[in-house]
Amino acid sequence: MSHDAMLAALDERRAHARQMGGPDKLAKRAARGQLNAAERVDALVDPGSFFEVGLLGASGVFEADVEATPRDGKITGFGKVEGREVGVVVNDFTVKGASTSATNSKKMGYIRRTCTERGMPFVHIGESTGARLPDAMGSKGMGQMLGNDTTQFRRMRDTPWVAAALDTSFGSSAWLCCCADFAVMKKGSIMSVSSPRLVSMAIGEKVDLEELGGWRLHAEQTGLIDHFVDTDAEAMAVIRRFLSYLPSHNGEVAPLAPVPEGSGEDQERILDVLPERRTQVYNMKKIIEILFDRDSFFELKARFGKPAVVGLARLDGQAVGVIANNPQVGGGALSAEACRKIIDLTVLCDSFNIPLIRLVDTPGFVVGTDAERRGAPGHIMNFMNATCLTSVPSVTVLCRKAYGRAYVAMGGGSHNDAMIAWPNAEVSFMDPVFATSIVHNLTAGQDGFEEALAHIQKDLEIWDMARIFSAQDVVKPQETRAWIIRMLEVQRRRRSGGVGQHLMRTWPTSY
């Protein structure tokens, strides 16, 4: 074969692969407002940076499927996000529903292993039907496709993993979301173990799409998804934003970002948000917006475990994790779901060398028969364990109420590198009203109750804790930002170059 003929044959094969599922299927996607796999790649990575590997991959199981499986249904390669390398897998639903088979499993495995070994984030854009049939059927199919890659679902948090559940996300698309450090889902999509059709056959009744794996289920009940968007383009933008807070691997610190103009100005506004009355609720998110760099707070799991607020932010350009109580929901009492949410953020930050800032205003943990059925003691102890294993710099701010075991789990006592309090902070074993009833056997309205309550409340004030140096300082709310910035400079891990011990690197990503 001549050189010209040989090169022409290669060009022909490349062109066939890039057609994906063909013009008809691509046109139907466009009409529905869905980006195709190649368009998702373009929206995800910096322009012109995508370096594809495996373009000529196709079915390696049945010869008759070769022509119908360009790229074997998955686009794989490397690209740059804000100039930093990432490994990318994007499912192409126009090719056999992006179902998993032998060749594309090898392609995905190659990207994951390269990301782990070379220190770069791994991004999986999911839209798939699950395992390809009949490829996986029978002992030969199982032996060829399943169980041959021991790294497939092993998370040691060497590098950040990010995943998206778009439209139909069954099988591997769901698995990778559950393994990821950050997962985004498009509203109107479905993420579940198997398709509604298969589940309906298995249980003998029709299954509702939304109930099986809709976005509200995952937003409010499972907590498996961290962020929700309306479009494919928004999903790619959110992934890019998340990665901007993270280092490329766990052996380095996150990049510094420019400090937006106006950040830190008018800290006096905190006093406008914080009520003078101890029983009045307020919006902790408004205080977070004032404390941290302008527009930098990136909230995670906003509709799950709502007595807590968690997310990533920047403080004088440095990426930090934020854990806060939310007095607007149950007074900030921590539910089992709130504990899970806080643990997830703690593990993420500790695994990738991101300092933690905790803003405490909680009366304790949610109690009652329902809480016990949800396994509250186990979740509380998981919370305590994560707090005890934290090895990144952490600063605790006692904003108002800090009662009982929740005070410790939220970074009280010695479970921090520094702890400060606002002058209105209250610290005790339990709420003073309950304590008055138990200690003095009095209830509200009885003679002597108010006097006894006032005496107990006096003991709650922060001054005694400051006097014995259990808190490093008492600061005005408007002084908090500057104090934390300076303390994080002091607490920088100089001996290790900012790298923590990563004691939670094997903590489950979903439980």
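This is a predicted model: local features need pLDDT of at least 70, side-chain atom pairs count only at pLDDT 80 or more; totals for chains, interfaces and linings use all residues.

Q: OK, where does Glu 82 sit?
A: Glu 82 is in the loop that runs between strand E2 (74-81) and strand E3 (84-91). Its phi is near 55 degrees, which is a positive value in a residue other than glycine.

Q: And is Glu 82 buried or exposed?
A: Glu 82 has a relative accessible area of 59%, and it counts as exposed because the cut-off for that label is over 50%.

Q: What about Asn 353, what's its phi?
A: The phi of Asn 353 is near 60 degrees, again a positive value in a residue that is not glycine. Asn 353 belongs to the loop between helix H13 (336-351) and strand E12 (356-362).

Q: Why does Asn 353 count as buried?
A: The relative accessibility of Asn 353 is 6%, and buried means under 20%, so Asn 353 takes that label.

Q: Switching to peptide bonds, which residues does the cis one join?
A: The cis peptide bond joins Leu 133 and Pro 134, with omega at about 10 degrees. Pro 134 itself is found in the loop between strand E4 (122-128) and helix H5 (138-145).

Q: Now pockets: how much space lies in the largest pocket?
A: The largest pocket holds about 850 Å³ of space. Its lining is made up of 33 residues, and those nearest the centre are Thr 100, Gly 130, Ala 131, Met 145 and Leu 146.

Q: Which helices supply that lining?
A: At least two residues each come from helix H4 (102-118), H5 and helix H6 (172-179), and H4 provides the largest share of the lining, with seven residues.

Q: How do the lining residues of the largest pocket divide?
A: In the lining of the largest pocket, 13 residues are nonpolar, 16 are polar and four are charged.

Q: And the second largest pocket, how much space is there?
A: The second largest pocket contains about 410 Å³ of space. It is lined by 18 residues, of which Leu 256, Gln 318, Pro 355, Leu 488 and Arg 492 are the closest to its centre.

Q: Which elements give two or more residues there?
A: Those elements are strand E11 (318-325) and helix H20 (480-490), and H20 gives the most to this lining, with three residues. The residues lining the second largest pocket divide into 10 nonpolar, four polar and four charged.

Note on methods:
Residues are numbered from 1 along each chain as its sequence is written. Side-chain values use heavy atoms; hydrogens and water are left out. Helices (H or I, at least four residues) and strands (E, at least two) are DSSP runs, numbered from the N terminus. Buried means under 20% relative accessible area, exposed over 50%, partly exposed in between (1.4 Å probe, protein chains only). On a 1 Å grid over the protein atoms alone, a cavity is a set of points where a 1.4 Å probe fits but cannot get out, and a pocket is an open set with protein on both sides within 12 Å along at least five of seven lines; lining residues have an atom within 4 Å of a point. Grid points are joined across faces, edges and corners, and a volume is the space filled by probe spheres set on the points. Ala, Val, Leu, Ile, Met, Phe, Trp, Tyr, Cys and Pro count as nonpolar, Asp, Glu, Lys and Arg as charged, and the others, Gly among them, as polar.
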